[in-house]
Each structure stands twice: as structure tokens, then as C-alpha cells.
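Hello,

Here is the structure I promised to pass on to you. Please open it alongside this email and have a look around before reading further.

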Amino acid sequence: MITSDSPDRPYSTRLRTALVLTGTGTAGAYHAGVLRALHEAGVRIDLVAGRGIGAIGAMFAAVDGGARLWDGDGLWKQPAITKAYRWRGPLRVAGWALGMAAALLAVPLALFAFGVVAAIAAMILSLVSLRSASTAVTSAYARSLDALFAPSALPTVIPGLIVFCLLAGIGRRGGA
């Protein structure tokens, strides 16, 4: 196999190495890793081209500045680079709205799951001849549903759930 770094063969202009870097966003970090691996392997790049974020990597490779991409204080290790890839405002709002909608959807699902657990518990109590305990479990579940979804309680329950979701979102955002 003929390579440009063979000790018995001097560098040849006939054997050229070309590198094309394309992509967007964080693919540039991948490009930095590729450039580092090629550098550590001793591969000399004769021609480099790039599109999108690959153009930046190609620029660094062209001036033999690939190390500036992967070093500890290099471009992809800077804390400021994370700001370039954060979710934009409308996407963050849409994400929070989707999360809150999922939380509101989870409430009836949780009540249903609790009902299934109560039904299984009542069935087990009935099988061991504790009919009064079985009746107590199912009637307690039914009373709690009646109290939660009574027409007089709905004006306070739904806004309370919305406020809870908002507070949970604010607490998560403040802690992040």
C-alpha cells in the first residue's frame, strides 16, 4: 500500500489527499475530531474544501490550524459556543407548551391508573372474603372522583392544575 507517510517513499505530488467537510451545526465538532485523528495519524491534507460549518473546519485545516478546533481552549471547547446551539425563543416556548399539555394530559391518565389499582385491590379484598373493605376501597375512589370533578370544584381544580404546571416550569427553568 502506497501512502504519503511511507518512510521509504518521499512525498509525491501524484498522491494527494483531499478532504471535503460538509454539514451544519454541531457537525463542526465532528469535523474537529476528524482533523485531529488525521493529524495524529500523520496524514497530510493537500486539498480541503467545505460547505456550511465544514467551511470553518476547512479554513482551519487549510492554514494548519486544526489544533485550534480541538485543543482545551479551542473553538469547540469554548463555553460561548453553546449559546450558538441553544433552542431559539419560539422553539423553547413551544417546548414548554407541549410539556405543560403533556402534564395536563397525564392527570386523567394518573387518575385512571389509580382507578385500576383501586379496582385490583378491591377485587383481591373481595376474593379473600373482605367484602366490606372491597366496597370501601371502590366507594372511596368514586367519592374522590366525584369531589374532584364536581361542577362546583371544576372552577378551582383546573386553574389550580394550570398554576401547578406553571410553577413547576418556572422552578425547572430557575434550577437549570
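Below is what was found in it, going from the whole chain to single residues.

First, how to read the values. This is a predicted model, in which local features need pLDDT of at least 70 and side-chain atom pairs count only at pLDDT 80 or more, while totals for chains, interfaces and linings use all residues. Residues are numbered from 1 along each chain as its sequence is written, and side-chain values use heavy atoms, with hydrogens and water left out.

The overall picture

The protein chain holds seven helices and two strands; helices (H or I, at least four residues) and strands (E, at least two) are DSSP runs, numbered from the N terminus. Starting at the N terminus, the order of the elements is β-α-β-α-α-α-α-α-α. Of the 176 residues, 18% are buried, where buried means under 20% relative accessible area, exposed over 50%, and partly exposed in between (1.4 Å probe, protein chains only). The accessible surface is about 12500 Å², and carbon and sulfur atoms account for 68% of that; such areas come from the Shrake-Rupley method with a 1.4 Å probe, and for residues only the protein chains shown count as cover. Among contacts (heavy atoms within 4.5 Å) with a separation of 6 or more, 58% are between residues 24 or more positions apart.

As for confidence, the mean pLDDT (the predictor's confidence in each residue, from 0 to 100) is 78, and 78% of the residues score at least 70. Helix α6 (residues 131-148) has the highest mean, 89, and helix α4 (residues 81-84) the lowest, 66.

The two strands

Strand β1 (residues 18-21) and strand β2 (residues 47-50) run parallel and are joined by four bridges; two strands pair if DSSP finds at least two bridges between them.

Helix α5 has 39 residues and spans 56 Å from its first C-alpha to its last, close to the 57 Å expected at 1.5 Å a residue; the expected span is 1.5 Å times one less than the number of residues. Gly-115, Ala-118 and Ala-122 of α5 are buried, and α6 is included in what covers the buried residues of α5. From α6, Ser-134 touches Ala-122, Leu-125 and Ser-126, leaving aside residues up to four places away in sequence. Ser-134 is buried, at a relative accessible area of 12%.

How many aromatic pairs are there? The count is one, taking rings of Phe, Tyr and Trp (its six-membered ring) as paired if their centres lie within 6.5 Å, with planes under 30 degrees apart counted as stacked, over 60 as edge-to-face and the rest as tilted. The ring centres of Phe-114 and Tyr-141 are 5.7 Å apart and their planes are at 50 degrees, so this pair is tilted. Because Phe-114 lies in helix α5 (residues 89-127) and Tyr-141 in α6, the pair ties together parts 27 residues apart in sequence. Tyr-141 counts as buried, at 17% relative accessibility.

Finally, look at the loop between α5 and α6, where Ser-129 sits. Phi of Ser-129 is positive, near 65 degrees, and the residue is exposed at 61% relative accessible area. Most residues other than glycine have a negative phi.

Enjoy exploring!
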